[in-house]
Amino acid sequence: MKAVMEACYGWEYFYDEVDELVDELIMAHPLKTRLIAEARIKTDSIDSETLAHLLRADLIPQAYAPSAETRDQKNLLRYRSSLTAMKVRIKNMVHSVLTRNHIEDRGFRS
């Protein structure tokens, strides 16, 4: 049995749950699925019917769905990157306060 879902915010949970229940789960690329993107009436029932027709005709433009392990690694790297950016912002704020108050920076480098 095949199933199709549109890539959207929070897709990972639904993808992992449904992937165990079907033989093949295809994630449709939302921008390349033009029939849905350009529809004047946007409802979940109309969109799901359109996706079902495209799946039957084997015309689904696929989006990349990384494995759970790859997603975990990417999330960890994103988190680490955000912490590093936060550290840099805080350091810059401290340097700004010191400069504004004419306080010499005496080796504050860590």
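## Exercises on a predicted model

Ile90 counts as partly exposed because its relative accessibility is 48%, where buried means under 20% relative accessible area, exposed over 50% and partly exposed in between (1.4 Å probe, protein chains only). This is a predicted model, in which local features need pLDDT of at least 70, side-chain atom pairs count only at pLDDT 80 or more, and totals for chains, interfaces and linings use all residues. Residues are numbered from 1 along each chain as its sequence is written, and side-chain values use heavy atoms, with hydrogens and water left out.

**Exercise 1. Find the helix that holds Ile90 and check its length.**

Step 1: Ile90 belongs to helix α4, which covers residues 68–100. Helices (H or I, at least four residues) and strands (E, at least two) are DSSP runs, numbered from the N terminus.

Step 2: The expected span is 1.5 Å times one less than the number of residues. For the 33 residues of α4 that gives 48 Å, and the distance from first to last C-alpha is close to it, at 48 Å.

Step 3: Look past the helix end: α4 is followed by His102, with a positive phi near 55°.

**Exercise 2. Work out which side of helix α3 is buried.**

Step 1: Start with the span. The end C-alpha atoms of α3 (residues 44–56) lie 18 Å apart, which agrees with the 18 Å that its 13 residues should span at 1.5 Å a residue.

Step 2: List the buried residues of α3: Asp47, Thr50, Leu51, Leu54 and Leu55. These sit on the same side of α3 because they cover an arc of only 140° around the axis, taken from the directions from the helix axis to the C-beta atoms.

Step 3: The face away from the buried side carries exposed Ser45, Glu49 and Arg56.

**Exercise 3. Trace the chain from strand β1 to strand β2.**

Step 1: In β1 (residues 2–6), Ala3 and Met5 form the covered face, while Lys2, Val4 and Glu6 form the uncovered one.

Step 2: From β1 the chain passes through helix α1 (residues 11–19) to β2, a right-handed β-α-β crossover: with the strands pointing away from the viewer, the path from the first strand over the helix to the second runs clockwise.

Step 3: β1 and β2 (residues 24–28) run parallel and are joined by five bridges; strands pair if DSSP finds at least two bridges between them. Lys2 stands opposite Glu24 in β2.
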